[in-house]
Amino acid sequence: GRARLSGRHGTQPEQFETVTAVIGDQQGELARLFADVDRAGVNIGDVRLEHATGQLAGLAHLSVAPSRSGELRAALREGGWRER
């Protein structure tokens, strides 16, 4: 299914790797995560959030170019994020 979808702006479909970060249930956490990704210079192709009611944390699944995933993981660890 997904392989048949066109990429952004009518281009060929893009390949992504998912980097998953644990985010706290506090105001501004998602903004802080996105700021750290921006400082790492990595473009997010897609994002999916997973949060269970009553939990104090959720998951942010970030789709990024495979060539940048290692760099992003390192930057997020440096910023204090936990990866799942």
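# Chatting through a predicted fold

Student: Let's start with Glu29. Buried or exposed?
Tutor: Glu29 is buried, because its relative accessible area is 14%, and buried means under 20%. Keep in mind that this is a predicted model.

Student: Where does Glu29 sit?
Tutor: In helix H1, which covers residues 29–39.

Student: And what does Glu29 touch, beyond residues up to four places away in sequence?
Tutor: Gly24 and Trp81.

Student: Which residue forms a salt bridge with Glu29?
Tutor: Arg32 does. The closest N and O atoms of that pair are 3.3 Å apart.

Student: How are Arg32 and Glu29 placed in the helix?
Tutor: They are three residues apart in H1, so about one helical turn separates them. Arg32 is partly exposed, at 35% relative accessible area.

Student: Let's zoom out. How many helices and strands does the protein chain have?
Tutor: Two helices and four strands. From the N terminus, the order is β-α-β-β-α-β.

Student: How much of the chain counts as buried?
Tutor: 27% of its 84 residues. The chain exposes about 5,800 Å², and carbon and sulfur atoms supply 48% of that.

Student: What about contacts between residues at least 6 apart in sequence?
Tutor: Of those, 68% join residues at least 24 apart.

Student: Now the sheet. In what order do the strands lie?
Tutor: S2-S3-S1-S4. The sheet is open, and the pairing is antiparallel.

Student: Which strands stand at the edges?
Tutor: S2 (46–51) and S4 (82–83). Each has a single partner strand, so one side of each lacks a neighbour in the sheet.

Student: Which helix packs on the sheet?
Tutor: Helix H2, residues 66–78. H2 touches S1 (17–24), S3 and S4. The direction of H2 makes about 20° with that of S1.

Student: Back to S2. How many bridges pair S2 with S3?
Tutor: Six, in the antiparallel sense, with S3 covering residues 57–64. Asp46 stands opposite Ser63 in S3. His51 stands opposite Gly58.

Student: What lies between S2 and S3?
Tutor: Five residues, and the two strands form a hairpin. Gly54, in the turn, has a positive phi of about 85°.

Student: Pick a residue in S2 for me.
Tutor: Arg48 lies there. Arg48 is partly exposed, with a relative accessible area of 48%.

Student: What is Arg48 in contact with, leaving aside neighbours within four places in sequence?
Tutor: Leu59, Ala60 and His61.

Student: Where are Glu71 and Arg68?
Tutor: In helix H2, three residues apart, which puts about one helical turn between them. Glu71 is partly exposed at 40% relative accessible area. Arg68 counts as partly exposed too, at 26%.

Student: And Arg73: which partner, and how far apart are the closest N and O atoms?
Tutor: Glu83, at 2.6 Å. Arg73 is in H2 and Glu83 is in S4, so the pair ties together parts ten residues apart in sequence.

Student: Which residues make up the network around Arg73?
Tutor: Glu17, Arg73 and Glu83. Salt bridges that share partners join them. Glu83 itself is partly exposed, at 36% relative accessible area.

How values were computed. Residues are numbered from 1 along each chain as its sequence is written. This is a predicted model: local features need pLDDT of at least 70, side-chain atom pairs count only at pLDDT 80 or more; totals for chains, interfaces and linings use all residues. Side-chain values use heavy atoms; hydrogens and water are left out. Buried means under 20% relative accessible area, exposed over 50%, partly exposed in between (1.4 Å probe, protein chains only). Contact means heavy atoms within 4.5 Å. Accessible areas come from the Shrake-Rupley method with a 1.4 Å probe; for residues, only the protein chains shown count as cover. Two strands pair if DSSP finds at least two bridges between them. Axes are lines fitted to C-alpha atoms, for helices over the stretch in contact, and angles run from 0 to 180 degrees between N-to-C directions. A salt bridge is a side-chain nitrogen of Lys or Arg within 4 Å of a carboxyl oxygen of Asp or Glu.
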